[in-house]
Amino acid sequence: MTDNEQPDIALAGVSRTYGSTRALIDADLPLHRGRVAALLGENGAGKSTAAKILCGLETPDTGQVLIDGAPVTIAGPRGAHALGIYLIPQELAFVPDLTVAENITLGWAPHRHGLTSRRSVIAAAQAQADRFGFDLSMRQKMRDLALADVQMVEILKALRIGARAIVLDEPTSSLTEDESARLFAAVRRLAADGTSVTFVSHRLDEVLDGSDQVHVFRDGRIVETVQTAETTREELLESMLGRPFQVSVGQRKAGADRAVGLGIQGWRSGTSLIEDTSLDFLAGEVTVLYGLRGSGSDLLAEGLAGARPAEHGSMSVDGTVVGRPRGPKQARRSGIAYVPPDRRRQGLMMHLSVEENLVLHVRGRTSAGMWRRPRAEARLAREAIAAYRIRVASPRQLVSELSGGNQQKVLLAGRLGLQPRVLVLQEPTRGVDIGARDEIHRILRDYAQQGATAIVSTSDFEEALQLADRMLVFRHGRVVGDLRGDAMTTALNLAKGSST
Ligand SMILES: Nc1ncnc2c1ncn2[C@@H]1O[C@H](COP(=O)(O)OP(=O)(O)OP(=O)(O)O)[C@@H](O)[C@H]1O
Ligand SMILES: [Mg+2]
């Protein structure tokens, strides 16, 4: 493999501007058959823009897409498919009423006498899922799926096309480690078959383990292209941030003599997955609910926030008994703010501006009676944009135009802006770049230390360790570990099967 080997597909000198935003500047991106390339960079650096241009979703202002050295015009996603290029986008779209099987086999359903047999559709889709070790229920409707499962369906759709080039934009952002490992095994198989695979990720471990080559984006430019074997974690970080980077380690304090911020008694939810559970969450600290999907950690978080109301039990906030929340609004009235796991479907109003999303729930605080106070709202929004370093052209910009990570920051900033007594967050830094993630962790810990109760459900080891003062480990709906300090590290390493 040499650098002057002709790439299979390439961007050559490509630029793309949106209004005043220079999303991509003079980018060269050579992609090779049989190799796996990783795109790395901060939120808003231009990774998705490059991916979209490769796959015909956007057109370059200047520069070209080359296939085997010859310039091509890609006529939309269909044109890309015809050329054998398939994109799995960052924000997934799907037909909610179709089943998993129908979605996977969309456009290639096996026919018998011109009719599609329902059973053969399911069998074909199941075979495809089995081949990649994905555990999906074929008859479920897409609308009922967890985000991770939607992502797996999408991945299966791309894999079965047998494309010459597959681009995956943050494919693992809502997968567990186990599922990611399975995905990367599939990626390796594809590359071995001669496909060019490109993926975007904010997880350095999977970039280092899963790619042959890394393209580092910064402020719209590809600032470095390196062989993965010849670089290190530190080098990549410095190259993407433009400065050295060290993860900050928060000070953890002992849990003694803290007041109970949120308490639940006799909690039952998920038709008895969680049964007769009583827990106290202490004010002034971050409690992490750690567990895989289906373990009950998500279910508990959703119950506390009213997103999926518990069926039985009572609740208190700062010592006052409040009703068990029957919806997020009621939870909010009890002083509980909620960051849901899926920003597009639950968290943000995609048709509204950044500013409107930031002040959406704060309105009560900035308005006098019936009247809104636009100036106070604008100030709040400006402060949030600065504090979270949200990359926007203007506060009036539609939130849907932001890069994925910047959307996530808007969601978080909006909820923290409520200054709630209790914060319930699920996968709070999904899709956020490494630098911003560290900063968000710091903001959350600071917020808790001022006396609020923070409860974070996550399936991400590193996030759990960085955030937790206390960790509750879930399995089959039960708390199987209640840990602090070094015990958390030990338990997580055990769970990970690592000897360190
Ligand atoms: N349709 C659009 N309208 C306006 N601005 C856009 C549009 N699409 C992208 N941008 C801007 O272009 C820049 C690059 O966005 P892009 O989505 O490529 O970033 P990214 O590297 O994928 O970030 P992330 O890691 O957060 O997903 C961002 O500042 C974004 O706000
Ligand atoms: Mg992106």
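Modeller: T105 sits in the loop between α3 (100–104) and β7 (111–112), and, since the model is predicted, what follows describes computed geometry. With a relative accessible area of 1%, where anything under 20% counts as buried, T105 is buried. Leaving aside neighbours within four places in sequence, T105 is in contact with V121 and A125. T105 and V153 are 48 residues apart in sequence, yet their C-alpha atoms are 9.7 Å apart in space.

V153 leads on to L136, which touches V100, I104, Q126, D149, M152, V153 and L156 when residues up to four places away in sequence are not counted. L136 is also, together with F134 and M138, among the residues with the most contacts inside the largest nonpolar core, a set of 50 residues. Helix α5 (residues 147–161) supplies the largest share of this core, namely eight residues. Apart from this core lies another one, of 43 residues, which includes L416, A448, A452 and L467. As general background, nonpolar side chains in soluble globular proteins tend to be buried together.

In α15, the residues K409, L412 and L416 meet A436, I440, I443, L444 and Y447 of α16. The axes of helix α15 (residues 404–416) and helix α16 (residues 434–449) come within 12 Å and cross at roughly 10°. Because angles under 35 degrees count as roughly parallel, α15 is roughly parallel to α16.

The sheet can be described next. Six strands form an open sheet with mixed pairing, in the order β18-β19-β20-β15-β21-β22. Its edge strands, each pairing on one side only, are β18 (336–339) and β22 (478–484). On average, and with direction ignored, neighbouring strands of this sheet are turned by 15° against each other. Within the sheet, strand β15 (residues 286–290) pairs with strand β21 (residues 470–475) in the parallel sense, over four bridges, and the bridge partner of V288 in β21 is M471. Helix α9 (residues 297–304) packs on the sheet, where it touches β15, β18, β19 (422–426), β20 (453–458) and β21, and the direction of α9 makes about 140° with that of β19.

There remain the aromatic rings, of which the structure holds two pairs. The ring centres of F184 and F199 are 5.0 Å apart and the planes stand at 75°, so this pair is edge-to-face. Because F184 belongs to helix α6 (residues 177–192) and F199 to strand β10 (residues 196–200), the pair ties together parts that are 15 residues apart in sequence. F184 counts as buried at 13% relative accessibility, and F199 counts as buried at 1%.

Since Y290 lies in strand β15 and F461 in helix α17 (residues 461–467), the contact ties together parts that are 171 residues apart in sequence. Y290 is buried, with a relative accessible area of 8%, and F461, at 10% relative accessibility, counts as buried as well.

Definitions and conventions
Residues are numbered from 1 along each chain as its sequence is written. Chains are lettered from A and ligands numbered from 1 in the order in which they are written. This is a predicted model: local features need pLDDT of at least 70, side-chain atom pairs count only at pLDDT 80 or more; totals for chains, interfaces and linings use all residues. Side-chain values use heavy atoms; hydrogens and water are left out. A nonpolar core is a set of buried Ala, Val, Leu, Ile, Met, Phe, Trp, Tyr and Cys residues joined through side-chain atoms within 4.5 Å. Buried means under 20% relative accessible area, exposed over 50%, partly exposed in between (1.4 Å probe, protein chains only). Helices (H or I, at least four residues) and strands (E, at least two) are DSSP runs, numbered from the N terminus. Contact means heavy atoms within 4.5 Å. Two strands pair if DSSP finds at least two bridges between them. Axes are lines fitted to C-alpha atoms, for helices over the stretch in contact, and angles run from 0 to 180 degrees between N-to-C directions. Rings of Phe, Tyr and Trp (its six-membered ring) pair if their centres lie within 6.5 Å; planes under 30 degrees apart count as stacked, over 60 as edge-to-face and the rest as tilted. Angles under 35 degrees count as roughly parallel, over 145 as roughly antiparallel, 65 to 115 as roughly perpendicular and the rest as oblique.
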